[in-house]
Amino acid sequence: MRASFEELVEIMDILRNKCPWDRQQTHESLKKYLIEETYEVIEAIDEKDFIKLKEELGDLLLQVVFHAKIAQENGKFDIYEVIYDICQKMKRRHTHVFGGDNFSTAEEVLQNWDKIKNSEKEVETVTDSMKRIPKHLPALMRSYKVQEKAAKVGFDWESYEGALNKVYEELEELKECLSKNEKKEKIEEEIGDILFAVVNIARFFNVDPEEALHRTAEKFITRFSYVEESVSKQGKKLNEMSLEDMDKFWEEAKKV
């Protein structure tokens, strides 16, 4: 039952040769599938569904092999060069395992990793390191990483109170913006400032803002489902109910 990695590579070779859909794909056309498969892996982890995780990891691995095959056809690199490079990177950046360094904490390991990474990437300034954060990361995650880099050089609030006050300040600026009937672009800017300030508070407490918002969305869905089911039991539809009536069920859902 144990297939080899070489068999997967061979299957991809065959698909690129004989399957019309696979032949048409490019790095650009596959981007959405790479993102989709990554999030499906994360969902399986969150659900602690290891059968699903096994399947989704396979789908993600297929995407890696697919991109490497296209690169090989274009004379850039093949999958074995990808594997070789990541092996070498792991050895270079784990100098406490494969070299002479001696670190006793995970924090020291991360600091050494960042030091080596910055040297390899020729990152000379903090701004350089911020610009290297992928723009396609979820915005909350990217904001968190940007703030982390600023905090490492002391550009940070002394405590969470400063970050919290910044949220209030940004809210006041949004209120003023709305009262003046500003254009959409200005409203968007002020809302962005609020979200960025909230991420700062999350960072102070080592809370992943992406995960926090995800959980809140799931909580909302659960409570809304209770409202909808309660309305249905009365033989009605949501659009037949007043907001006040729906809010009563919402308050009930919070107690369930």
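Reader: Do helix 10 and helix 11 lie roughly parallel or roughly antiparallel to each other?
Author: This is a predicted model, where local features need pLDDT of at least 70 and side-chain atom pairs 80 or more, while totals for chains, interfaces and linings use all residues. Residues count from 1 along each chain as its sequence is written, and side-chain values use heavy atoms, without hydrogens and water. The axes (lines fitted to C-alpha atoms, for helices over the stretch in contact; angles run from 0 to 180 degrees between N-to-C directions) of helix 10 (residues 160–179) and helix 11 (residues 184–204) cross at roughly 165° and come within 9 Å. Angles under 35 degrees count as roughly parallel, over 145 as roughly antiparallel, 65 to 115 as roughly perpendicular and the rest as oblique, so this pair is roughly antiparallel.

Reader: Which residues of helix 9 and helix 12 make the contact?
Author: Helices here are DSSP runs (H or I, at least four residues; strands are E, at least two), numbered from the N terminus. Helix 9 (residues 139–152) packs against helix 12 (residues 209–233) at about 150°, with axes 8 Å apart, so these two are also roughly antiparallel. Contact (heavy atoms within 4.5 Å) joins Leu140, Met141 and Tyr144 of helix 9 to Pro209, Glu210 and Leu213 of helix 12.

Reader: And which residues of helix 1 and helix 5 meet?
Author: Helix 5 covers residues 79–93, and its axis lies 12 Å from that of helix 1, at an angle of about 140°. That angle makes helix 1 oblique to helix 5. Where they touch, Phe5, Glu6 and Val9 in helix 1 meet Ile79, Tyr80 and Ile83 in helix 5.

Reader: How far apart are the end C-alpha atoms over residues 161–223?
Author: This stretch is 87% helix and 0% strand. Over residues 161–223, the end C-alpha atoms are separated by 31 Å.
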